[in-house]
Amino acid sequence: MSSALIDPVEPDATPSDPLNFTSIQGDVSAREEGDVVVYQFRNKTFRLNKTKARERLAGKKVINGHRSAELNVLPLKYHEAYRIYKQMKANHWEPDVIDMSKDAHQWNTNTLSAKERWIIEMGIGYFSAAEGIVGDSVLHVIEDNLTAAELKHASLRHIAEESIHMDSLLHIIGSLNIDLDEVTAKFQDIPSIRKKNEFITRHMPEMKMGIDLTQTANKQRFAKALFAITQVMEGTQFYALFAMVLSLHRQNKMTGIGQMFQYTLRDESNHIALGRYILTELINENPDIWTSEFRQELTDFMREGVELEQEFVSDCLPEDIVGMRQQEFLDYVEYNADRRLAGLGLPTLYKVRTNPFGWLDEVIFLKKEKNFFETRVTEYQTSGSVRNSNEDDLI
Ligand SMILES: [Fe+2]
Ligand SMILES: [Fe+2]
């Protein structure tokens, strides 16, 4: 009944058929009149029209649906988005409580080799702006065009998490006392970084202008933007660098950064899942998008993204160093690209059968062993985890 729209009516002190009323609590009663539930509170009557609620549910669409000014997620249609939202919330973390003293010591006492330092510097240089590109694109290109409130709701959480990731980079830069101008210059002056970001964002400005999403070509542009941000950039182009930094973490080097990258990686797996879900629902509702030419266009786009990423990997790790073989990272890019393509039912390109970094999957599913708040702000998780059985019914 909570999803029905309420039509207050004039007080009706004397119900026409009191025998149909069910006493709820003292002077409160309710009866059903077809699709209308009538509540009587003393001298006030409220008529809840369930037909309107059903119409509202039917009007929910990924795009071009009923737009709700109040961002009311009810009635819930896209249950998986709400489940992913809850998963994202359960993974919540804050960068500035992560201890960076050991990292600062290692950074300032030259514990790392020059090549290991370079990986950290590239990680900071790339992610310090890449996280912002994702956040901005999800806000202005994806969320703006979605019409179903629960999809917008989950996307807003996605955007908030990109802010946390940006914050983590600032925490790293501040803790290590890295020259900010150099970080900025890296983003602009290293060709492999510049090229891969231009590749992802080249169609975004026109998407931000607002496009007519009733046209098939524009729906495809929207679908491609979703694919570019969540499957190519977050799902493929982030992972090799994550793996490099976490390889150092495994060697007990820069463990504060490593911890933040673990949490970030875990978040990214939810962003990829959310993007895949929205894209799948979009295609189900708009089969005109999914032509063989468009599927080929997405596959070609992923191939180009992989080539650019492999150039970037070669810049980060020009040759093998202790504990890191360049070829494994190049393979890992292809392995992830195939995973993203297969997730959308697209043909795979590379056939890398084995994950060269199986241990990274354990990192993604870290929550099973280690929860951020278990060792920190325990009250947060405790108060938040009071279960409401009705809430479970929603998903
Ligand atoms: Fe991120
Ligand atoms: Fe992300």
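Where pLDDT is low, the predicted coordinates should not be read in detail. The chain averages a pLDDT of 85, and 85% of the residues score at least 70.

This is a predicted model; local features need pLDDT of at least 70, side-chain atom pairs need 80 or more, and totals for chains, interfaces and linings use all residues. Residues are numbered from 1 along each chain as its sequence is written, while chains are lettered from A and ligands numbered from 1 in the order in which they are written.

Strands (E, at least two residues) and helices (H or I, at least four) are DSSP runs, numbered from the N terminus. Strands pair if DSSP finds at least two bridges between them.

| Antiparallel pair | Bridges |
|---|---|
| Strand 3 (residues 28–33) and strand 4 (residues 36–41) | six |
| Strand 4 and strand 5 (residues 44–49) | six |

Val-38 in strand 4 is the bridge partner of Arg-31. Val-38 also has a partner in strand 5, Arg-47. The hairpin of strands 3 and 4 has two residues between the strands, and Gly-34 takes a positive phi near 65°. In the hairpin of strands 4 and 5, also with two residues between the strands, Arg-42 has a positive phi near 50°.

Helix 2 (residues 79–90) meets helix 11 (residues 255–285). Among the residues in contact are Ile-84 and Met-88 of helix 2, and Ala-273 and Leu-274 of helix 11.

Technical notes
Two residues are in contact if their C-beta atoms, placed from the backbone, lie within 7 Å. pLDDT is the predictor's confidence in each residue, from 0 to 100.
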